[in-house]
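Biologist: Before we look at any detail, could you take me through how one reads the features of such a model, beginning with the general idea and then turning to the case at hand?

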Amino acid sequence: MDIDLSDPLTRRMMALSGLLFVLFIAAWEWLPGLMKIPPFIIPPVSKVWSEFLRMMASEHLMYHTAITAMQVLVGFVLGMLLGMVVGFLLGMSPTAEFVLSPYILALQIAPKVAFAPLFVIWFGYTVYPKILVAILIVFFPVMVNVLGAVRSIDPDIVRLAKSFTANRFQIFRMIEFPASLGPLFAGLRIAATLAVIGVVVGELVGGNTGLGYLLTFGEGAGNTAMVFVSIIMLTIIGILLYGAIVIIENRVLHFMPARDRRGA
Amino acid sequence: MTKRRLEFRGVTKRFSSRKGDTVTAVTGLDFHIDDGEIVSIIGPSGCGKSTLLNMGSGLDPASEGEVFVDGELVTKPNAHVAFMLQKDLLLPWRTIRENVEFGLEVLHRAAPDRRKIALELLRKCRLSDFVDHYPHQLSGGMRQRAALARTLAVDPAVLLMDEPFSALDAQTKMVLQQDLGRTLAETGKTALFVTHDLVEAIALSHRVLVMSQRPGRIIREIVIDIPDMGNPMARRKHQKVGGYIAELMELLHIEEAVA
């Protein structure tokens with residue numbers, strides 16, 4: 001993710017990328033009209049923009065966006081912490097992993113979004129079902145990556161630390177934790193996109209707040225532009241979260257050669 | 001009388017294999033290393049050389065017999081011995097200086113102390129220009145020199161080295177042997193050195209212990225009567241080296257393996 005603006009090749013590629021964006025917006029605006037596609041199937045970009053302004057003014061768009069973003073963030077952070085704790089514990093105890101792995105595998109295979117209606121039954125039309133789905137969906141990629149990282153540490157490194165009289169906590173703090181950071185961030189990138197999905201599905205199932213609610217409301221009202229605006233806002237939340245993770249990752253994993261980081 | 005730094009008394013090590021039968025790795029080990037002495041152990045593959053070092057470091061307990069370091073019975077890893085392996089085992093997220101400080105950090109030494117010791121050792125290991133580099137930015141030989149600095153940083157009474165140079169190319173290896181010989185001579189450290197390389201054993205040590213096939217036991221002790229311990233490069237070219245190699249080859253049945 002290191003972008004070097006002084007490199008002419010990079011600048012050309014960025015210009016190309018920008019040109020593609022302009023072309024896309026232009027196609028969106030005029031192509032449906034030219035191809036006689038009615039606006040309730042694909043509303044042109046200008047209509048989506050005016051719908052965006054209307055929703056800002058009279059549908060509390062920012063309020064709903066903030067609610068969704070909050071649920072994504074809370075679910076993401078809690079799912080991450082839970083995934084890390086369980087990943088480290090299982091990584092340190094092969095017995096625990098052996099005993100628990102069939103259950104963890106079953107839960108991993110089960111589609112997490114299918115739990116949304118269940119959580120709504122349990123917790124009603126509150127923020128909790130949405131956050132819970134996000135936690136569940138974020139948990140797995142984080143846990144699996146941390147577990148894998150702890151497992152793949154060269155046992156000789158641990159022996160070396162022990163020969164320096166390191167205790168269990170020092171081995172965790174000085175070896176296992178830092179060694180897990182690369183795979184952890186790879187897991188977090190995946191989790192960031194999944195967290196948004198989890199929250200939206202929760203909102204689609206029930207409640208009267210959040211972008212998922214606006215999405216179903218727009219669908220019911222036959223307001224295609226409203227659905228488009230909701231999807232775009234959700235995408236923006238996802239991009240912001242993903243971008244934040246990439247920025248933190250670059251700070252934390254600065255010691256890694258750039259190509260290894262991108263490959264992670 | 002010189003001080004005994006490391007002593008094995010009647011040490012045997014047995015492992016139980018997966019099938020349930022016991023395998024004797026080494027047996028009847030009885031030897032000692034005096035202060036400032038460098039002793040090499042040489043023997044066929046799988047003769048239990050590494051097992052011997054693990055017992056010396058306290059990572060593995062002996063099945064029978066006792067191991068003493070500085071007169072103390074070894075029961076668990078202790079700060080008197082430090083370990084160096086074929087792999088450099090530098091931590092990729094630490095700079096070279098931070099890697100050298102690793103053992104000192106485990107021992108809760110203050111940061112300014114750690115820094116001072118690390119920088120001094122890195123200077124001795126000719127890595128002063130690379131203190132803030134990360135391991136992946138260094139060559140294999142440089143990384144192994146950093147590993148040597150990390151081993152020396154905790155100021156151990158005994159260095160245990162398990163084929164530390166066997167992953168390096170022949171020329172780098174000779175340079176590192178020179179570094180090690182000079183550093184050990186300057187600091188007066190005691191070392192037990194496991195190797196496959198006959199010339200390396202002769203060039204670096206006061207004595208060479210020859211081990212047998214598994215179950216490993218010490219079958220011969222050869223005192224290397226060549227001067228100038230701080231200069232393995234010169235020792236390697238000494239006229240007596242050929243004789244010692246011939247003796248070792250015979251003991252290890254190297255020529256018979258070819259016939």
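Biologist: What pLDDT does chain B average, and what share of the residues score at least 70?

Modeller: This is a predicted model, and pLDDT is the predictor's confidence in each residue. Chain B averages a pLDDT of 89, and 99% of the residues score at least 70. Among the elements of chain B, helix α2 (residues 96-100) of chain B has the highest mean pLDDT, 95, whereas the lowest, 71, belongs to helix α10 (residues 254-258) of chain B. For the model itself, the scores are ipTM 0.86 and pTM 0.84.

Biologist: What do the C-alpha traces span along their principal axes, and what part of each chain is buried?

Modeller: The C-alpha trace of chain A spans about 75 × 55 × 30 Å, and that of chain B about 50 × 45 × 45 Å. Burial is a count of neighbours, with a residue taken as buried if 20 or more other C-beta atoms lie within 10 Å of its own. On that basis 38% of the 264 residues of chain A count as buried, while in chain B buried residues make up 44% of the 259 residues. As for contacts between residues at least 6 apart in sequence, 75% of those in chain A join residues at least 24 apart, and in chain B the share is 69%.

Biologist: Where are the buried residues of helix α5 of chain A, and why are they said to share a side?

Modeller: In helix α5 (residues 116-123) of chain A, the buried residues are Ala116(A), Phe119(A) and Val120(A). They lie on the same side of α5(A) because they cover an arc of only 105 degrees around the axis. Ile121(A) and Trp122(A), on the other side of α5(A), are exposed. The cover over the buried residues of α5(A) includes α6 (128-151) and α8 (168-205) of chain A. Just after α5(A), Gly124(A) takes a positive phi of about 75 degrees.

Biologist: How many residues of chain B are in contact with chain A, and which elements of chain B supply them?

Modeller: The size of an interface is often given as the accessible area lost when the parts come together. Here we use counts of residues in contact, and 18 residues of chain B are in contact with 15 residues of chain A. On the side of chain B that touches chain A, β6 (81-84) and α3 (102-106) of chain B each supply at least two residues, and α3(B) gives the most, with three residues. The residues of that side of chain B divide into 13 nonpolar, four polar and one charged.

Biologist: Into which domains are the chains divided?

Modeller: Chain A is divided into domain 1 (1-37) and domain 2 (41-263), whose C-alpha centres lie 29 Å apart. Chain B is divided into domain 1 (4-80 + 160-258) and domain 2 (94-155), and 25 Å separate the centres of these two domains of chain B, taken over C-alpha atoms. Eleven residues of domain 1 of chain B are in contact with nine residues of domain 2 of chain B, and the residues on the domain 1 side divide into eight nonpolar, two polar and one charged.

Terms used: Residues are numbered from 1 along each chain as its sequence is written. Chains are lettered from A and ligands numbered from 1 in the order in which they are written. This is a predicted model: local features need pLDDT of at least 70, side-chain atom pairs count only at pLDDT 80 or more; totals for chains, interfaces and linings use all residues. A residue is buried if 20 or more other C-beta atoms lie within 10 Å of its own, exposed if 12 or fewer, and partly exposed in between; C-beta atoms are placed from the backbone. Helices (H or I, at least four residues) and strands (E, at least two) are DSSP runs, numbered from the N terminus. The arc is that of the directions from the helix axis to the C-beta atoms. Two residues are in contact if their C-beta atoms, placed from the backbone, lie within 7 Å. pLDDT is the predictor's confidence in each residue, from 0 to 100. Domain bounds come from an automatic or database domain assignment. Ala, Val, Leu, Ile, Met, Phe, Trp, Tyr, Cys and Pro count as nonpolar, Asp, Glu, Lys and Arg as charged, and the others, Gly among them, as polar.
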